[in-house]
Structures are given as structure tokens and as C-alpha cells.
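I am opening a notebook page on this structure. I will write down what I look up, in the order I look it up.

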Amino acid sequence: MAVGIKSYGAYLPRWLLPRELIAKAWDFPSIPGTKAVASGDEDSLTMAVEAGLDCLAGFDPKEVDGLYFATTTQVYTEKDSASLIATVLDLRDDIITADFTDSLKAGTTAVARAIDTIKANKDIKSILVIASDSREPEPSTMWEYGFADGAAALLIAEGDNLPLIIDDYYSISANVTGPWKRANKDKFIRTFEVKMDARFYVQTITKVMNEIMKRNNLTPEDINVAAYYYNNPRLHGRIAKMLKFQQGVAQNGLFLQIGDVGNPMPFMLLITAMRRPKEEAKVIMAGFGDGADAILMHVQDRKALRELSKTRKGVAGHQKSMITLKNYNVYIENKKLLEKDRYIRKSSAVTMWRDTPSVYKWYGYKCKSCGTVQYPAQGHACVVCRADNQFELVKLQKKGKIFTFTLDHLVGGAYLDTPVPRCVIDLDGGGRVLLDMTEIQKPEENVKIGMEVELTFRKQHEGAEFHNYYWKCRPLRG
Amino acid sequence: MAIKGIRDKIAIIGCEATKYGEHWDKNQYDLLHEATMGAFKDAGVKKEEIEAAWVGIYYYFTGLSGATVEDILRLDGIPITRVENYCASGMDAFRNACYGVASGTYDVVLACGVEKLMDEGSSGLPGFKIFGHPVLPLPSAPAMFSMAATRCFHEFGWTKEDLARVAVKNHDNGSYHPKAHFRSKITIEQAMRAPMIADPLGRFDCCAMSDGAAALILTRPELAESYAHADDYIIVKANAISVRTNFPWYVPPGGPGADFTSFPSTVKAAEMAYKEAGITNPRKEIDCAEVHDCFTITELINYQDLQFCDRGMAAEELKNGTFNWDGETAVNPSGGLKSFGHPIGSTGCRMLQEITKQLQGRAEGRQVPDAKIGLCHNLGGAFSVASVTILSQRD
């Protein structure tokens with residue numbers, strides 16, 4: 001049986017930073033375009049959750065047999081992220097999870113390994129591959145124009161009738177001169193000679209795509225879509241010419257609009273190109289970073305791809321609801337590039353683990369006696385009918401309406417100029433919850449009783465010296 | 001069958017409260033010593049006569065156990081218990097003391113309360129680093145209560161100005177009390193212009209964070225006549241505590257308090273206390289009340305929950321003067337938590353001390369004219385713990 005792509009999803013954060021604001025901040029010549037900037041409560045893990053949820057929309061998460069997570073911006077260097085992402089996505093626990101890290105081609109490498117895993121193991125029929133990056137550029141360097149935040153997911157699965165069928169993959173390993181980030185040492189990317197870096201990039205990615213065409217007796221004219229990683233539009237164009245791709249084959253829109261999102265970039269280029277696929281189109285997706293991977297696919301089911309483009313927010317859906325930042329300072333604040341004392345709450349890794357169903361997987365408790373859905377689990381008696389221990393776990397919805405709220409200026413005993421909206425929300429389908437709101441502009445004017453909100457998984461604080469994640473609410477994203 | 005209730009079984013024979021405020025130069029022991037020794041003096045009892053004591057303390061850094069009292073008084077090994085029940089801690093210490101006397105176990109007991117907040121800094125209640133679940137949102141105290149304000153605005157059409165009127169009244173009353181934390185009158189405009197703390201509650205909608213202590217001496221009425229206040233000791237008519245859901249305090253629809261416009265623990269405690277005291281028309285029968293105005297919205301809701309006015313009418317009744325010190329039911333003649341201050345464990349005892357003095361006609365601040373029956377009320381936790389005590393003049 002063939003292996004292919006069954007579904008996809010993506011996530012782009014709420015904010016777009018015009019590059020001219022960077023230029024203005026440092027009095028540099030500007031380059032055109034904008035880049036995607038995450039909020040202060042986001043990281044590669046939370047964005048991966050968003051992309052994963054988008055990819056699995058309408059699917060039963062219990063049918064997924066594995067999760068591979070690809071990033072260069074892992075939130076822990078010991079402790080994987082894939083298992084927590086799988087937990088939050090409510091996957092089963094008899095699945096395989098792994099992190100693919102330290103390289104910008106980790107995403108394509110994870111796809112190649114997913115193909116291998118599915119082919120080699122009859123019990124593993126699908127693996128969700130999520131690539132996510134949130135790289136911190138050193139302010140006032142060229143990297144600042146490029147580095148952007150985002151995530152994308154591909155559901156790799158076994159089947160002959162999938163939207164995209166994977167025909168082959170090919171990889172190259174190459175120890176290049178840079179860039180790098182030393183473990184436990186560097187906050188920002190280092191490089192020795194950018195011209196050498198560029199040369200390796202052009203050589204390696206050209207070679208990997210050439211080789212996969214050769215292996216499959218294809219010529220550049222046969223290729224309809226080439227979705228390869230790039231962080232420099234000029235080099236991207238040169239590669240397209242060197243490979244003799246026809247006009248429009250090499251996907252090139254994203255750097256200008258959302259920047260260099262790192263690992264998810266090839267996925268996003270593919271997802272964008274698959275909105276209007278040609279019948280039986282041949283597609284190459286390629287990643288680069290100390291070597292390169294090329295994945296060769298063809299469009300099997302155009303209708304299914306069209307359907308996916310409607311049911312997934314994908315890249316375009318998120319782009320529609322991005323908000324352009326008006327000043328550079330917000331970006332600096334979001335990226336935590338300024339050292340500030342931040343409020344640290346008490347925490348307990350044990351409590352977080354014990355409360356996995358409610359805290360991560362978003363389950364509530366339904367009283368079998370009176371039917372009231374309650375959240376979180378507290379005590380053993382129903383707050384409405386007082387029946388003892390009549391609860392059953394129920395999956396809660398991730399949308400609801402504000403019943404009451406406040407804009408809290410006091411956080412941990414410190415006064416904040418910008419208040420945190422605290423919202424009591426009645427969830428669609430039952431359950432009343434209390435959540436902080438994120439990404440709300442002018443809360444004094446915009447937060448209201450009856451307002452519709454949706455949930456988003458965010459980093460809350462660093463209590464007990466680990467990442468404490470939980471859900472927040474946000475205004476509906478278009 | 002149990003002999004229910006404590007009505008007419010306890011007499012308050014002495015009481016004292018410290019000045020409330022920012023006592024930078026005093027610790028909790030200094031404050032508690034001043035209050036307890038003052039109460040002994042007021043009652044005309046020697047500390048050797050005290051047979052048992054209860055002390056209300058909320059925060060562990062003020063004191064962990066009954067030894068907090070022993071360490072300042074050296075009572076020679078009598079039973080002393082720390083009582084903690086959120087903002088009702090002080091009044092619950094009093095309740096325990098009442099039972100000690102009513103049961104016949106002790107003749108003379110001490111109920112007191114103390115809190116030292118300023119050593120932890122003055123911006124908002126301390127402890128948000130020690131409480132709570134790791135990630136469930138932990139709103140500030142004003143944030144929790146402001147959610148009730150948001151709902152009351154929506155349901156009853158109350159406004160920021162209605163809230164401001166509570167602050168203006170309580171600051172006005174407090175300005176006459178030498179022991180109040182804040183002693184300046186304010187205007188509605190001032191209150192409304194103040195910086196937001198938790199929208200819609202601004203700085204003047206929030207009570208003072210204060211240090212302070214208060215103490216009361218209790219005995220049986222038949223023994224009261226042998227002490228200093230033989231002619232004007234005060235009788236406990238009722239005492240009730242109601243504890244309802246603290247968490248989740250955002251109770252789902254159908255549960256008690258789910259509408260955020262009433263605090264069911266207050267309603268229940270009031271019902272129990274009125275029943276015990278035989279009060280059928282609280283608005284008419286209660287002459288003066290110290291109620292828990294941790295936030296201005298709380299006082300408005302209290303009027304309704306304590307049956308001082310009809311549901312939805314609190315703002316209008318306040319505007320009409322019903323709750324002024326010379327109104328139909330004088331509420332917070334001391335200035336309340338808003339102006340007098342709120343050292344948590346002390347507050348319940350301080351209210352009882354204030355109402356005792358009001359009924360004795362010895363109020364240190366504004367004297368409510370002809371006060372014969374008074375009420376004290378606390379509401380603590382996430383709207384979960386309420387206590388109501390009713391006091392009256394002796395027969």
C-alpha cells in the first residue's frame with residue numbers, strides 16, 4: 001500500500017511586523033515585506049499544538065499512531081516535546097513519539113522517517129509530523145529581517161486514495177560551515193562566513209532535488225510544484241533557474257509575507273501550493289540544514305485537497321487574520337528580547353501530570369445525576385445537585401461565550417499597566433471555565449459579556465522552573 | 001436532643017481594637033498585645049482569669065498557631081487555638097469562643113484576631129505565590145469580585161457611580177473614627193477617576209490593606225454583672241457561619257451563586273442568624289451593621305443578601321440614604337473595610353468590637369443614634385465563607 005499525506009494544518013501567530021519598522025529602529029536600509037511574530041505566551045510547542053489541531057480537525061485523534069515533532073527551538077534540551085504535544089492533542093498513549101531537532105531540515109527528515117516507520121510497521125498506519133520554530137534573531141542583525149514564527153503539520157498515512165501520494169525521498173548529509181548555536185552558550189545564531197553558508201545552501205538543495213528527479217526518471221518540466229526551504233528570495237530564484245523549473249513551479253511567496261519560519265517553511269510552501277492543485281501534479285518538497293531532504297509526491301485526489309483547503313485554516317486562513325504591528329517595541333516585548341523580572345507562580349510537576357485530562361486534554365466532568373458539566377475536577381460532589389461521585393469524563397469544546405469578566409491590573413501583587421482579561425466562559429456544549437484572554441487589543445473597548453471566544457494553548461509561566469502550559473481564550477480568529 | 005443555638009448564652013464584657021493602618025514600626029505581637037490587654041482592661045478582668053482563647057489569623061506569616069497568643073500573654077498553659085476561615089477567621093475565632101462559654105466548659109474566654117500584612121508589601125494581598133493550582137488562572141481578589149460587578153451592571157443597570165457612592169459613604173464615616181486607616185473624605189469624582197485595579201473596580205472600590213488587631217472577652221450573662229460593664233454588657237443573639245463552594249467559584253449554571261449577583265453563603269448565614277435571633281424584618285430591626293465591604297460591589301450585594309433591601313434595589317437605596325449612619329439601617333458607621341482597613345484575621349473581631357461599642361453608646365467614631373441591635377458580617381474566600389453575628393443590648 002502507498003504512503004501519502006492525508007491531511008495538513010498550519011499555524012501563524014497573530015502579529016505581522018513590517019520590516020521597515022526594524023529598519024527604522026536601527027536606522028538601516030529596509031527590505032520589503034513583513035514577518036510573522038508570535039505573542040509572548042507562545043513557543044514552538046504551543047504553536048505545534050495549534051498546527052496539530054488544525055491538521056486533525058474533523059478526525060478522531062485516537063486514530064493517529066504517532067507524532068514526530070521537528071524544531072530547532074526546542075523548549076527543553078532534555079525532555080521531549082512530542083509526548084506533551086500528543087497529550088494535548090488527545091492522542092492515544094500506545095503510539096510512537098519523537099523529537100527531530102537541531103537542524104532546519106528536521107521537518108523534512110521527520111517526514112522521511114514517518115514514511116519509513118509506516119512502511120516498516122504494520123500496526124502504524126499514520127504519523128502526525130509537526131514542524132514548528134520560533135527562532136530569536138539578534139536585534140540589529142540581518143537575521144532580524146528574516147526569522148519568523150510559525151508551525152505546520154502533515155498527517156502522513158498509509159493508503160492508496162490519499163490526497164497526495166509520496167513516491168520517493170532522497171537525502172544528503174553535509175557538514176557545512178554555518179550557521180550554528182552552541183548548546184548552553186549562544187542565545188543567538190552565529191555564523192562565520194555568510195557567503196560560504198549561501199554556497200552550501202545552493203549546492204546542497206539543488207543537488208538533492210536533481211538527484212530525486214534523476215532517480216525517478218523525471219525532468220524539470222515534469223515538476224509542477226517545488227516547495228523548498230529558503231531564507232533569501234534572490235537565492236531562491238537562482239535555484240529555480242539552475243534546476244530549470246518552469247515559471248511558477250518554485251513556490252516563492254512566503255518569505256516576503258511571513259518571513260523565514262524555519263522548519264515549517266517547506267510544509268507551508270506545499271500547503272499553500274495545494275490550494276489549487278493540478279491533476280496528478282508532481283511535487284517536490286525539500287528541506288535544508290547540514291544536508292538536505294527531498295520528498296517526491298504526486299496529487300492523487302484533487303477533490304480531497306480542495307476539501308482540505310476549506311476545512312483547514314492552513315497558511316492562507318491564518319494570514320487573513322493577522323494584525324500588523326505599529327511599533328517595534330511590541331515585537332521586542334513579545335520576543336522577550338528585553339530582560340525583565342517576570343512574575344513566577346508556584347507550580348508542581350506532579351499536579352500538572354495528575355491533572356492531565358483537564359489541564360492538557362481539556363476534559364470536563366459531567367454529573368450523571370443532574371447532567372451538569374463542570375470544570376475542573378474538584379472534590380467528589382456535584383456543585384449543582386450535590387450527588388456524590390457521579391462524574392464521567394467528557395471532552396469539552398474549545399469555543400464559548402463570556403458570561404462575566406474583569407480586566408485585572410494586579411498580577412501576583414504587581415500592578416500592570418496593561419490588564420489581563422480574566423473571563424468566565426460558558427463553553428458551547430456545557431461547562432463553565434475561567435480563562436485569561438490573550439491577543440486582545442484595547443480590552444477596555446473590546447471585551448464584552450456575550451463575546452464569542454476560542455481556546456488557544458499557551459505558555460503561562462515558569463513556576464518550579466519548568467514550562468507551565470495551559471489554555472487561554474482569544475477573540476475568534478477569522 | 002441537642003440544645004440548639006447560643007442565643008442569650010454569651011455576654012461580651014470587654015473589647016478593644018488597635019488603630020488600623022500601616023504599622024511599619026510594630027509587629028503582630030505588638031498589635032495583638034495592645035488589643036488583648038486593652039480588652040482585659042475594658043472588661044476589668046485579669047489575664048489570669050482567661051481560661052481559653054481563640055485567635056483569628058489568616059496568613060501563616062502572621063502566626064501559625066495558638067502560640068501566637070501565648071507568646072505575648074504567657075497564659076500559663078491554657079488551651080489556645082488559631083482559627084482560619086478566610087476573611088471570616090476573626091469572627092470564627094469568636095464563634096469558637098462562644099461555644100466554649102455556651103457549653104459550660106469555660107467561664108471567661110478571649111476571642112481575638114490579628115493580621116500583619118504590611119511586612120509583605122502593600123500592593124494587593126500577598127500569598128499568590130503560595131496558593132492555587134499551577135496553571136488555572138489566579139485572579140487577584142479585586143478581579144474575582146469585579147466579575148460580580150460586571151454582572152450586576154449588566155443585570156441591574158448599576159454603574160461606576162453607584163460603586164463610588166459606597167466608597168464616599170464609608171470614607172465619610174471613617175473620617176470620624178480615630179482608629180480608621182483612611183480618615184479623609186472623598187468625592188464621587190475622585191473615586192471614579194482613580195486608577196483601575198480590576199475593571200470596573202478602581203482603587204477607591206477596594207478596601208485598605210492594613211495591619212491591626214482586635215480582642216473581645218466573653219462570659220455567661222449571669223457572670224457578666226461582676227465585671228466592669230455590669231450595666232451595659234452586650235448579648236450575643238445569634239452567630240452563624242455558612243461555607244459554600246469555594247472552588248470552582250465560577251459555579252456552573254444551576255449551582256448556587258452562578259449568576260454572580262448574590263453570594264449564597266451570605267444569604268444562608270443571614271437566614272440562620274435571623275432565625276436564631278428571632279429577627280423577621282432585618283431592615284427595621286437591625287439598627288447598625290458592620291458588613292464586609294472588601295470591595296464596593298460587595299457592600300451593594302450585601303444589602304440585598306442580608307435582606308436590608310430588595311434584589312436589584314441596593315444602589316438606589318444607598319443613594320436615598322437608607323444606609324447612612326443616620327439612615328434606616330446604618331451600614332459601616334466605622335468606615336468599614338474600605339476606610340477602617342482590613343487586616344484579615346482581625347476584621348471579624350474588630351466589627352464585633354465596633355458594634356459592641358455602638359450598642360453601648362460608646363462609639364469611638366460616629367455614634368449611630370439609639371442603636372439597640374447590631375449585625376456583623378464577613379464574606380471570605382472565593383465568595384465561599386460567610387459569617388453573621390447579631391448582638392443586642394442587655395435586657
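How many helices and strands does chain A have? I count from a predicted model, and chain A comes out with 15 helices and 20 strands. Chain A is as compact as a globular protein of its length, because its radius of gyration is 23 Å and the globule rule gives 23 Å for 478 residues.

Next I looked up the extent of chain A. Along the principal axes, its C-alpha atoms fill a box of roughly 70 × 55 × 40 Å. I then checked burial and found that 49% of the 478 residues in chain A are buried. For contacts in chain A with a separation of 6 or more, I noted that 72% join residues 24 or more positions apart.

Then I turned to the contact between the chains. I find 41 residues from chain A and 37 residues from chain B in it. On the side of chain A that touches chain B, the elements that each supply at least two residues are α13 (349-354), β14 (373-374), β16 (399-411), β17 (414-427), β18 (432-436) and β20 (468-475). Which of them gives the most? I have β16(A) down for that, with seven residues. By residue class, I list this side of chain A as 18 nonpolar, 15 polar and eight charged.

Last, I followed β16(A) across to chain B. It is joined by two bridges to strand β5 (residues 196-199) of chain B, and the two strands run antiparallel. What is the bridge partner of A:D408 in β5(B)? I looked it up and wrote down B:A198.

Notes. Residues are numbered from 1 along each chain as its sequence is written. Chains are lettered from A and ligands numbered from 1 in the order in which they are written. This is a predicted model: local features need pLDDT of at least 70, side-chain atom pairs count only at pLDDT 80 or more; totals for chains, interfaces and linings use all residues. Two residues are in contact if their C-beta atoms, placed from the backbone, lie within 7 Å. Helices (H or I, at least four residues) and strands (E, at least two) are DSSP runs, numbered from the N terminus. Ala, Val, Leu, Ile, Met, Phe, Trp, Tyr, Cys and Pro count as nonpolar, Asp, Glu, Lys and Arg as charged, and the others, Gly among them, as polar. Two strands pair if DSSP finds at least two bridges between them. The radius of gyration is taken over C-alpha atoms; the globule rule is 2.2 Å times the number of residues to the power 0.38. A residue is buried if 20 or more other C-beta atoms lie within 10 Å of its own, exposed if 12 or fewer, and partly exposed in between; C-beta atoms are placed from the backbone.
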